[in-house]
Amino acid sequence: MASIEPIVKSWADTQIDNLGWQHGPEQTFKNEQIDEVLSNNLSKQGGEGGGRPDHTIMITDGDKTIPVFVEYKGSKNKLVKLDKQGLVILRGNNGYFDFKSAIPQYAVNGAVYYAMNTVKDTDFQEVIAIGVNGVKDTTGNIKCEISAYILNKRDPELPIHLGNYENFDFLKNIEPQKDQLFQKISDIQTDPKELEQRAIRDDAKIESVLQELNQKIHDEQQIIPSQRINMVAGALMAGVGVKNNNGDWVVSRLDPSELTGSSEDGNTDGDKIINKIRNFLKKRNLPEQKQRQILNVLKTNFINNNLNQKSINETQTPIKSIYKEVYDKLIPIYDVTGINDFTGKLFNVMNSWVDIPDGGANDVVLTPRYITNFMTDLTQVNMNSYVWDWALGSGGFLISAMNKMISDAHEQYSSDLTQQREKIENIKTKQLLGVELLPNVYMLAVLNMILMGDGSSNIVNDNSLTNYEGKYAYNEDPFPADVFLLNPPYSAEGNGMIFVEKAFEKQKKGYGAVIVQDSAGSGRATEINKRILKHNKLKASIKMPGDLFKASVQTSIYLFEVGTPHKENDNVYFIDLREDGYTRTNRKKAKINLHNSNDAKGHYQEVVDIILDHAKKTDYFNEGDNYYKGTINPNNGNDWNYNKKIDTKPTFDDFRKTVSDYLAWEVSELLKGETFPK
């Protein structure tokens with residue numbers, strides 16, 4: 001059926017004329033910022049010279065102005081193209097913008113493309129994208145459908161759905177429509193369920209791309225796992241570049257076209273990548289000793305091997321081939337998601353390829369981000385905290401802590417930007433410390449912290465149980481820790497509780513939280529636990545879902561108050577969090593294995609509120625049902641786990657119910673004509 005787009009345009013333009021806002025169709029609308037940005041970007045068909053949305057509207061509430069871009073279509077099923085996770089499609093599977101199908105052929109996708117470019121490169125903090133599509137049914141009636149999305153500068157390629165509408169009344173410049181619209185724009189961007197679902201989708205997208213990339217490098221180059229990890233990590237450093245506070249590039253990204261396969265000494269593909277990494281590390285202000293350490297490791301992978309040379313039959317070096325894969329597949333994902341544990345997800349995927357001694361027994365896996373966030377909340381991390389992790393892994397705990405600390409600094413110093421910047425710099429360089437023994441994992445932790453916020457200054461490659469003395473990485477001062485976060489290797493002594501004991505010997509105050517196989521609290525770590533309780537108080541024991549990790553081990557989180565001896569009459573919160581609001585499938589081919597089926601965020605927040613004695617906003621946990629306050633014997637060390645107590649003593653209500661049930665049965669038998677002995 002032929003497109004009826006001209007009819008749709010006429011219908012929509014008439015309504016827009018009556019909204020009461022400044023507006024204009026395509027080339028007639030003028031705004032200097034928007035015009036410049038759209039002229040400097042490709043059109044929605046991918047052509048030079050830019051393009052313009054079919055209609056532009058400027059709405060304002062007096063405090064902020066939001067451009068609204070409208071695109072029209074007039075064919076069946078041409079309103080919006082979504083992926084399996086419900087996200088508006090902008091890029092194809094290759095990571096490039098889809099100028100052939102999604103962007104030019106669907107109304108919403110075209111409007112979102114223009115909105116994305118505008119919010120990225122102008123002063124506007126938000127832009128609304130609206131798609132309008134109309135179809136004519138068999139009787140000749142025309143039905144139009146409207147779908148609206150909001151994009152913001154924080155995540156410019158992740159539009160949030162505002163709603164579906166039958167007409168443009170929701171955009172009218174009258175009350176109450178205007179207030180309702182701006183309130184919804186604000187609320188939808190901070191809605192916990194929306195943010196959580198988007199984070200889960202982002203994780204699935206990252207994991208899918210990483211698995212494909214990792215397999216491709218393995219199959220085509222036959223690179224050993226340890227070398228493969230370092231090459232992906234190094235390629236990421238060369239590919240992400242560095243911007244200053246004004247958004248200008250101070251270290252440009254290394255484009256794959258710059259790798260020409262030269263054999264000239266100092267000008268090979270590997271040399272160019274290493275030079276870019278060197279500039280990257282320097283602009284990130286890493287200590288010189290750490291810069292040298294990282295470069296020495298990566299030179300072996302990028303320069304001093306045969307991957308940096310091309311054979312007679314090759315058109316490019318294997319180094320360039322690998323770099324181009326990372327640049328084309330990972331950099332777009334990094335740009336789009338801004339995910340806090342991006343390289344943590346990289347670690348989790350690569351882990352299946354890494355030969356880690358006792359890897360299975362050690363449970364060397366990524367702690368989910370919602371768990372690291374949960375544990376930072378339990379330990380009351382704030383901008384003045386000093387946080388350390390003695391079995392760092394990919395750095396997930398420190399990243400969660402750093403984000404929470406920086407967020408607190410933004411709030412506390414909102415009116416003094418100079419103090420805010422100084423505090424954030426202090427957080428990154430002096431208030432976070434991690435210790436990791438395994439060299440490959442250590443490198444990923446360093447990269448993770450660098451990419452996600454530069455909190456890598458004090459990442460230590462050492463044995464925390466035997467060699468580490470509790471000091472900063474680059475001076476002899478003791479680290480003044482007051483928060484300890486840990487997911488230890490469970491094969492270590494006491495299922496890993498030995499790490500807790502050793503850390504608490506050096507930490508004199510504050511809080512500590514460990515997620516550990518819960519046999520540690522029921523007999524596997526008895527002697528260690530007794531020693532811990534002599535100087536530290538167990539505040540809470542939280543039984544976690546059995547399928548939290550793919551290894552399917554039963555874990556618990558133990559929360560401690562450090563520096564306060566545990567007494568026999570001290571209350572401990574015992575909480576059953578096995579039903580946490582998430583549904584996990586762990587299907588190998590599934591793109592998403594974690595589903596927020598019952599307000600998971602609310603479940604975790606309520607546990608925090610209970611333990612910290614805050615007012616509850618939800619009612620998922622009730623004392624005596626799925627949590628209770630009890631005591632432990634500090635001299636036992638094996639009674640730390642949640643065990644629901646069942647009271648077997650009969651009550652009067654039990655007796656009354658039994659009699660009532662018997663009488664009801666007897667009456668029913670009488671009605672059937674049965675007789676009973678006297």
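Lys-9 is partly exposed at 32% relative accessibility; buried means under 20% relative accessible area, exposed over 50%, and partly exposed in between (1.4 Å probe, protein chains only). The model is predicted: local features need pLDDT of at least 70, side-chain atom pairs count only at pLDDT 80 or more, and totals for chains, interfaces and linings use all residues. Residues are numbered from 1 along each chain as its sequence is written, and side-chain values use heavy atoms, with hydrogens and water left out.

Lys-9 forms a salt bridge with Asp-13, with the closest N and O atoms 2.9 Å apart. A salt bridge is a side-chain nitrogen of Lys or Arg within 4 Å of a carboxyl oxygen of Asp or Glu. Both residues lie in helix α1 (residues 5-17), four residues apart, about one turn of the helix. Helices (H or I, at least four residues) and strands (E, at least two) are DSSP runs, numbered from the N terminus. Asp-13 is buried, at 14% relative accessible area.

The whole structure holds 21 salt bridges. Another of these pairs Glu-157 with Arg-91, the closest N and O atoms being 2.8 Å apart. Glu-157 lies in the loop between β5 (142-152) and β6 (160-165), and Arg-91 in the loop between β3 and α3 (102-105), so the pair ties together parts 66 residues apart in sequence. Glu-157 is buried at 7% relative accessibility; Arg-91 is partly exposed at 22%. Salt bridges with shared partners join Arg-91, Lys-120 and Glu-157 into one network.

Strand β15 (residues 555-562) is mostly covered, with seven of its eight residues buried.
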